[in-house]
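Subject: Structure handover

Hello,

Here is the structure we discussed. Please open it alongside this note.

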Amino acid sequence: MTGKLRIAFSLLAAVVIAGACSSSGATSAPSGSSLKIGVVTDVGSVTDHTFNEYSYEGAKAAATALGATINVAVPADASDYSKDIQSFVDDKYNIIVTVGFNLGDATITAAKANPNIWFVAVDVAPCVDPTGAPDDTFACAGDAATLLPKLIGIQFEEDQAGYLAGIVAAAVSTSGVIGQIGGIDNNPAVVRYMQGFQLGAASYNPNIQVKTAWFSNGDLTKAYGDPVFGKTFSTQFIAQQGVDVVFQVAGSTGNGALDAACAAGIYGIGVDVDEYLTYPSADRCLVTSAEKNVSAAVNQTVTAIAGKTAKGGISKFNAANNGVGYAPLSENTLVTYPSDLQGKLDTALAAMKSGTLPTCPAQCGTWSGQ
Amino acid sequence: MSGPDTIQPPLARARKAIVRAIVASAQPIAEPLVAIFLALVVGAVGITVFSGLLAGHSNFDIGLPAAAYLALLGGVASPNGITSTLNYSTPLILAGLGVGLGFKAGLFNIGGRGQFLFGTVGAMAVATTVGASQSSYITVPLALLAGAAFGAAAGFIPGFLKATSGAHEVVTTIMLNYVFVFVTYWAISGPLSLPNAHQPITADVTARNAALPIIFGDVQHPAYAGILLALAAVPIIWVLLYRTTLGFEIRSAGANPDAARYGGMKTNRLIVLTMSIAGLMSGLAGATTLMGVVQQIAPGYDTTVGFDAITVALLGRSNPVGILFSGLLLGAMRAGSQTMQVQAGVPAELVDALQAIILVFLVVNALRRWLDRRAAKRGSTPSVDAGAAQAAEGVA
């Protein structure tokens, strides 16, 4: 017993001594500048093939180009949000990127307390009261851009991504009837996707019929968090409306719509990220996804901050700055893509980049039963 | 003992007695300490072996473990680390006391996760409904009470099932965890969700006068008053266990349920009561976490406290004072993990691995002791002392 203990002790002693000798070399990261970038993801993992991963990838690409130090914190649960942000603040990080709506309040609070640090909140439209504190009544009476001039909320022009998805949907439809199902019609981002989808589909085929449905009128769980309900609802929708493509804009409820599409032998289109990677169970019928290019958005934002060209407030990402797009057309389904599809997509994307293509109606973000 | 000792001089006898007393009193502390030490050694070996996989490190970087542990310590010693240690320890101590109480009664409560979450729902419900209209002097105690009551209700169910039908609490608490996870999901995205939000999210407790006061630190490094509750709970549970009839009955039922029943104790009532108190403690853990560090929750909110509390209770050998220290230790490890990752490049998940390894060593020891006891019962070991010696050997 004592023999074993002695061996263990001497092992530890060796480790400590060796560590004391080399710890200075082990901790220093190669760095060409004094800039330090910290990323706090949402709960989960940093290789989730969605916002966590792409935000980190974007920040890392920017850091590499700038020769900056980068580190990531992955909260184990919500009790880590504030503490993880604060640990970067205490370590004198210059730019702190936080990922997703759930970290919104923690980010705003930290930005208010640390006016000299840049904060980048991915997929958040900062809503503050007149003092610059987070406003949970969503009255948003304060002007975030002036109250918190170093807080940038990254937002996307979803209608452009929806437009591109609409072109693909119209191209692969044989019946000329396609469908889109959203969560609730009060969410501007969801509505923008769907308005863009309609216009995009009509641009490819003026005679296309786009059937629209909503999972719920107000129940957020049914709308965005219930794939089982999503599948039941969508199965009915597909049968009644006779659509042969379904575009889902409803988070995990929408993934149920993709399952329903697969079961019905029709095609599905994913949303936000390349769902071919995030929702493999629908791979056999998923043709593409309307994508937010989170990585490019974070990369550009961080680079702009380093180059001192960034401004606080909402930063909009669209085709012009490579912020939205469509996922690679899947070769894994039975679909044969029309030969003119790629050309139409390229033309539309080019027109969006030059700002000449309207992808959203006048009431952009407000659904009025089109 | 006294026979052969009479030939020894009195001084030597006294010295021997003192050594025996020290060994006896050190043994319950020694076992967890050795488990922690061995876990650190295994962790160090793990870091060294896998160092090549980490960015910026060579294969078998023998200095990395020390760098990692030093960074972990440094992280704990920082202002953020000290306050975070207290904040993270709060639910671990509270829920750990509940699990430990269960162990004393011979009950294995794995339902901490569900009880914690249901307690969170209770506190959030108070914050959402009465919060804005009342001062924090009313809302905070009310929300804590609701958290405790919801947690107790969640613990009552498996206790009641065991008392009435004999359904094993391990099975029912694991299954009920899922029930409460989904109840919580529903509550957050439905009735507790902010009406104007485009995505489901609850109110911020600060805006509803339901945030726990900050006892020291500043707004950016807050130590919340929950730790006072946890510190107060330690002597309360200790007195309950060792100075009340109920505590005696709980310990008797745990040591030998048949004898307890034969002695006239209502063991079914004890089971229900113990599980309810365990649930109450976990519910309180959920409420203090919500009203302290978390503040606002979105669907998918979950916790590892329920399971970590089992480690805490085992490491503290179900003794309230032991649980206090093991809760602080696990809280500190979590508080320092981020600094370790940032400064030494070793993933923060290492602390989860260390916790798991500690647990493995503790369980191995418990198993060893149990096997020894069985062997002693069969008469293959001559004395109880030899059994204790074997248990001590098992430690090393």
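This is a predicted model: local features need pLDDT of at least 70, side-chain atom pairs count only at pLDDT 80 or more; totals for chains, interfaces and linings use all residues.

**Chain A, parallel sheet**

One open sheet in chain A has six strands. Their order is β2-β1-β3-β4-β5-β11, and the pairing is parallel. β2 (69–73) and β11 (313–317) of chain A stand at the edges. Each has a single partner strand, so one side of each is left without a neighbour in the sheet. From one strand to the next, the twist averages 20°.

Strand β1(A), residues 36–40, runs parallel to β2(A), and five bridges join the two.

Helix α4(A), residues 104–113, lies across β3 (95–99), β4 (118–122) and β5 (151–156) of chain A. It runs at about 165° to β4(A).

**Chain A, mixed sheet**

Another open sheet in chain A also has six strands. The order here is β7-β6-β8-β9-β10-β12, with mixed pairing. β7 and β12 (324–326) of chain A are the edge strands, and each pairs on one side only. The twist averages 15° from one strand to the next.

- β6(A), residues 177–182, and β7(A), residues 209–214, pair in the parallel sense over six bridges. G179(A) has K211(A) as its bridge partner in β7(A). Between the two strands, the chain crosses through helix α7(A), residues 188–204. This β-α-β crossover is right-handed.
- β8(A), residues 245–249, and β9(A), residues 267–272, run parallel and are joined by three bridges. V245(A) has Y267(A) as its bridge partner in β9(A).

Helix α6(A), residues 158–172, lies across β6, β8, β9, β10 (286–292) and β12 of chain A. Its direction is at about 165° to β10(A).

**Chain B, helix packing**

Helix α5(B), residues 112–129, takes part in two contacts described here, one with α12(B) and one with α7(B).

Take α12(B), residues 305–315, to begin with. The axes of α5(B) and α12(B) come within 6 Å and cross at roughly 125°. The two helices are therefore oblique to each other. α5(B) passes α12(B) in a right-handed crossing. On the α5(B) side, the contact is made by G112(B), R113(B) and F116(B). On the α12(B) side, V305(B), G306(B), F307(B) and A309(B) make it. By class, this contact of α5(B) with α12(B) has four nonpolar, two polar and one charged residues.

How do α5(B) and α7(B) lie, roughly parallel or oblique? Helix α7(B) spans residues 169–189. It packs against α5(B) at an angle of about 25°, with the axes 8 Å apart. The pair is therefore roughly parallel. Their crossing is left-handed. From α5(B) come R113(B), G114(B), L117(B), F118(B), T120(B) and V121(B). They meet α7(B) residues including L176(B), F180(B), V183(B), T184(B) and A187(B). The residues of this contact of α5(B) with α7(B) divide into nine nonpolar, four polar and one charged.

R113(B) is listed in the contact with α12(B) and in the contact with α7(B).

Best regards

Methods
Residues are numbered from 1 along each chain as its sequence is written. Chains are lettered from A and ligands numbered from 1 in the order in which they are written. Axes are lines fitted to C-alpha atoms, for helices over the stretch in contact, and angles run from 0 to 180 degrees between N-to-C directions. Helices (H or I, at least four residues) and strands (E, at least two) are DSSP runs, numbered from the N terminus. Angles under 35 degrees count as roughly parallel, over 145 as roughly antiparallel, 65 to 115 as roughly perpendicular and the rest as oblique. A crossing is left-handed if the near helix is turned anticlockwise from the far one by less than a right angle, and right-handed if clockwise. Two residues are in contact if their C-beta atoms, placed from the backbone, lie within 7 Å. Ala, Val, Leu, Ile, Met, Phe, Trp, Tyr, Cys and Pro count as nonpolar, Asp, Glu, Lys and Arg as charged, and the others, Gly among them, as polar. Two strands pair if DSSP finds at least two bridges between them. A crossover is right-handed if, with the strands pointing away from the viewer, the path from the first strand over the helix to the second runs clockwise.
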